[in-house]
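This briefing covers the fold, the packing and the cores of one protein model. Please read the points alongside the sequence and the coordinates.

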Amino acid sequence: MPAWRVLIVDDHPIVRTGLAALIDAEADMAVCGQAEDFDGAVAAMLELHPDVALIDLSLRGASGLELVKEAGRHGIPTIVVSMHEAPTWAQRSLAAGARGYVQKSEAGRTVVNAICRVRARRIYLGDTMAQALLERRHGHHPDGVGVHVEALSDREIEVLTRIGNGLTTQQIAAELAISVKTVQTFRERIKRKLDLDSAAELSSLATRWVLERAD
């Protein structure tokens, strides 16, 4: 069986290097390319035609979920490798078309296992995340702001999460590689969708959202 060709997309060089070392150590897998942002990843997909792409959600300038959707349009299966541990992100990744979700906190051999599962045309979720999604499906999750936040778009949740982590509008703009005005627009959209009247209410809800996800 020929080696499966893997494209790694992450904006941190150290993460890409670590994942590449794990994959290249396997006899039936090989890294065919790396990219650090949306445009570079799309170009690599069109040029290299990888068998699978590992995608981080937190890309500069664009959501990793948009890249998952773009990869799907080119027939390339994807596995999300993310720092986000909330089941919301795994759920949205699968809804966008990802074939697997791996938390960076449990990466390592897990990434190799996920690639093997996807190669066998199956979906990969770690045991903890699979259990969390199952509980959400059956309503066994604590009451909180989660149900309301589900109404937000993927990008709006990225902004909300950063507000909850204490980042200023300027810091959010720099981290997401968007303008301050765009962040302000997202803040207003979030307030409108969640029926919030002030920046203080938004900050309070965002903090609760982040804390609930960490429980």
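V149 is buried, with a relative accessible area of 1%; buried means under 20% relative accessible area, exposed over 50% and partly exposed in between, with a 1.4 Å probe and protein chains only. The model is predicted: local features need pLDDT of at least 70, side-chain atom pairs count only at pLDDT 80 or more, and totals for chains, interfaces and linings use all residues. Residues are numbered from 1 along each chain as its sequence is written, and side-chain values use heavy atoms, with hydrogens and water left out.

- Helix α7 (residues 146-149) contains V149; helices (H or I, at least four residues) and strands (E, at least two) are DSSP runs numbered from the N terminus.
- Neighbours within four places in sequence aside, V149 contacts R92, I157, L160, L194, L205 and W209, where contact means heavy atoms within 4.5 Å.
- Between the C-alpha atoms of V149 and L205 there are 9.6 Å, and the two residues lie 56 residues apart along the chain.

**Sheet and flanking helices**

- An open sheet of six strands has the order β2-β1-β3-β6-β7-β8, with parallel pairing; two strands pair if DSSP finds at least two bridges between them.
- β2 (29-35) and β8 (124-125) are at the edges with a single partner strand each, so one side of each has no neighbour in the sheet.
- Strand β7 (residues 100-103) runs parallel to β8 and is joined to it by two bridges; Y101 is opposite L125 in β8.
- Helix α1 (residues 13-24) lies across β1 (4-9), β2 and β3 (52-55), at about 160° to β2; axes are lines fitted to C-alpha atoms, for helices over the stretch in contact, and angles run from 0 to 180 degrees between N-to-C directions.
- Helix α2 (residues 38-48) also packs on the sheet, where it touches β1, β2 and β3, and its direction makes about 165° with that of β1.

**Helix α10**

- In α10 (residues 180-193), the residues V183, F186, R187, I190 and K191 are buried.
- These cover an arc of only 135° around the axis, so they are on the same side of α10; the arc is that of the directions from the helix axis to the C-beta atoms.
- K181 and R192 are exposed, on the face of α10 turned away from its buried side.

**Nonpolar cores**

- The largest nonpolar core has 41 residues, and V9, M45, L67 and L160 have the most contacts inside it; such a core is a set of buried Ala, Val, Leu, Ile, Met, Phe, Trp, Tyr and Cys residues joined through side-chain atoms within 4.5 Å.
- Helix α11 (residues 199-214) gives the largest share of this core, five residues.
- A second, separate core of 18 residues includes A20, M29, V112 and Y124.

Terms used. The expected span of a helix is 1.5 Å times one less than its number of residues.
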